[in-house]
Amino acid sequence: RSFWINIMKITPINYFNNYNYKNTVSNKGNAKAVVDKNNNLLYRTTTYFFREDLDWDAFFALLKRKYQNVPKVNFINHCCSNGEETYSCISGMKIHLGEDFAKKFFPIIAKDINKENIDSAKNYSKIGISPIDYRQINYYTNFNIHKFFDFVRSDTDIYDAAVIPKEELRKCVKFENSDILDDIDKLPDTNSVLLCRNFWPYLDAFKREELASKLEKKLDESSLVVIGDYDIYEAKTDELLMQHNFIPTSVKYVFTKVPKI
């Protein structure tokens, strides 16, 4: 297929910067809409590999600087969907930080409110990928996609191919079914990296305030909170976090607590 011809071509990095994921249905991973009994939208489960709104190179560099002298870091990926973002983190950290440094972040605790998502992740089900997914994974893993994934036949017409995570990734994550609002109180207070990205607009204003307040009380300046562009443009989550004593880091969408004086 033309897909296999295209994915073997090296694409300039500015392609990624100019690509509009929001208008590309074929690139949506696990793109399901969850509705209530009255058919009102509750949330979407859309996820991607190495979602473009985060500067992954800068993010990995920040992790290395901040946790250089920390023996163990708690890494939690809430609203992880079927694991594509979690696998992005694991593979990217292994390549960019090195195996020895990266292992202090493992296992990543990946959680989602949707049990179907977690069951799929726990069963290491097929993950459909588009040419853009392929290029993103290969770019951020220095063309080591086959180190982390096995290619299998896609079960749908949406994707030309699918992947299954290898043991290299599986051993570094624990998937759990959980609601972030119920779970925050259980988080470690210090040296925690919390990815809670691109779901805040699905919460009403009261719950967004509740979540930000819980994060303020729970985490200290040794921790990081990572959100996404959907959170900012649709719910002004950056402003909400700053109202709760978080400040932006050098990496866009990554926040930390104001240091205690």
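Two strands count as paired if DSSP finds at least two bridges between them. Helices (H or I, at least four residues) and strands (E, at least two) are DSSP runs, numbered from the N terminus. This is a predicted model, in which local features need pLDDT of at least 70, side-chain atom pairs count only at pLDDT 80 or more, and totals for chains, interfaces and linings use all residues. Residues are numbered from 1 along each chain as its sequence is written, and side-chain values use heavy atoms, with hydrogens and water left out.

Start with the hairpin. Strand 11 and strand 12 form it, with five residues between them. Y253 sits in the turn and has a positive phi of about 75°. Strand 11 (residues 246-248) runs antiparallel to strand 12 over three bridges. F246 has K257 as its bridge partner in strand 12.

Strand 12 has another partner to look at. Strand 10 (residues 224-226) pairs with strand 12 in the antiparallel sense over two bridges. There V225 stands opposite F255.

Now the side chains. In a regular strand they alternate between the two faces of the sheet. In strand 12 (residues 254-257), V254 and T256 point one way, F255 and K257 the other, and all are buried. Buried means under 20% relative accessible area, exposed over 50%, partly exposed in between (1.4 Å probe, protein chains only).

Move to strand 7 (residues 161-165). Five of its five residues are buried, so strand 7 is largely enclosed by the rest of the structure. A161, V163 and P165 cover one side, A162 and I164 the other. Strand 5 (residues 127-129) pairs with strand 7 in the antiparallel sense over three bridges, and I129 stands opposite A161. Strand 6 (residues 149-152) also pairs antiparallel with strand 7, over four bridges. There F151 has V163 as its bridge partner.
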